[in-house]
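Hi,

Here is the structure I promised to pass on to you.

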Amino acid sequence: MTSTVYKEIAQELRQRIASGQLSPGDEVPTEAELAEQWHTSRGPVRNALAELRQEGLIETSRGRPARVIERKAHQAVDVSIPFTRWARELGAEPGAATQEVSLRRADEEQALLLGVEPGELVAHVLRLRRLDGRPAMLERLSYVEAAGRILFGIDLDAVSITEVLAEHGFGSSDVDHEIDAVAADELDAALLELPLGSPVLRLRRISRDAEGRVFEASDDRYRSDLVRFTVAASGRAPRGEHYLRPIGGS
């Protein structure tokens, strides 16, 4: 019974936050008020508040009521989930605004990443991703020509590129991730609506098909005030493969 009560309390508070009834900066009802409302002891109330704190919805401090905070979306980096599905699992509405889709000759860096010869045609996509209408991530995507040509003539603002490619035989069987932080360049700043030089989280990804061939290289830049990365302590998430690799050495 106790576990059921704390889940119900947590869910009602989530709904109040999601609906705007409780906004960032607002105080959450006190433990005493919630205990009285739910006809329970303070134990289940504390468990509910601890769950919301773990989810990044509220902050608590000794001697002060809990407060709603600006939500940061959690992005698990040890498992590959399409942005659209990830956003909806968060309860947020995903959005996209494609800036460019083009074919270019690969330079040496792109050729190395995609495993093609310099000068070969590769497809490029520049797409802004939104969470509930707010700019959250800028995708710089490169594809080998066979995969990239699939994207021409498709409304990329209305689909998941990952899912479209999978339907055409370019599903991600193995993915390498690399995470760092960089300063927002002029393009990042303009599209993510940030001051030039602001810190952004960068997730670089190499995707391989079932036969081990690279077909995608991406450079995704996230607003650090909206998104944070998480990873299972073991380096393996329930639905993913190991992604952590030592720096240097083999």
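**What I found**

The protein chain has 8 helices and 10 strands. Please keep in mind that this is a predicted model.

Some totals to begin with. The protein chain has 250 residues, and 44% of them are buried. If you take the contacts between residues at least 6 apart in sequence, 59% of them join residues at least 24 apart.

**Helix α4**

Helix α4 covers residues 83-90, and its buried residues are Phe83, Thr84, Trp86, Ala87 and Leu90. Those five span an arc of only 165° around the axis, so they sit on the same side of α4. The general rule behind such a pattern is that an α-helix has 3.6 residues a turn, so residues three or four places apart point the same way. After α4 comes Gly91, with a positive phi near 85°.

**A closer look at Thr84**

I picked out Thr84, which belongs to helix α4. Is Thr84 buried or exposed? Thr84 counts as buried because its relative accessible area is 15%, and the cut-off for buried is under 20%. Which residues does Thr84 touch, leaving aside those up to four places away in sequence? They are Pro94, Arg129 and Ser160. With Arg129 there is also a polar contact: the two side chains are joined at 3.3 Å.

Strand β1 (residues 58-61) and strand β2 (residues 64-68) run antiparallel, and 3 bridges join them. Ser61 has Arg64 of β2 as its bridge partner, while Glu59 stands opposite Arg67, also in β2. The hairpin has 2 residues between the strands, and Gly63 there has a positive phi near 85°. When you look at the side chains here, remember that in a regular strand they alternate between the two faces of the sheet.

How values were computed: Residues numbered from 1 in each chain as written. Predicted model: local features only at pLDDT ≥ 70, side-chain atom pairs only at ≥ 80, totals over all residues. Heavy atoms only, no water. Buried < 20%, exposed > 50% of the residue type's maximum accessible area, 1.4 Å probe, protein only. Helix = DSSP H or I, 4+ residues; strand = E, 2+ residues; numbered from the N terminus. Arc of directions from axis to C-beta. Pairing = 2+ DSSP bridges. Polar contact = N/O pair within 3.5 Å; in protein donor to acceptor, adjacent residues only side chain to side chain. Contact = heavy atoms within 4.5 Å.
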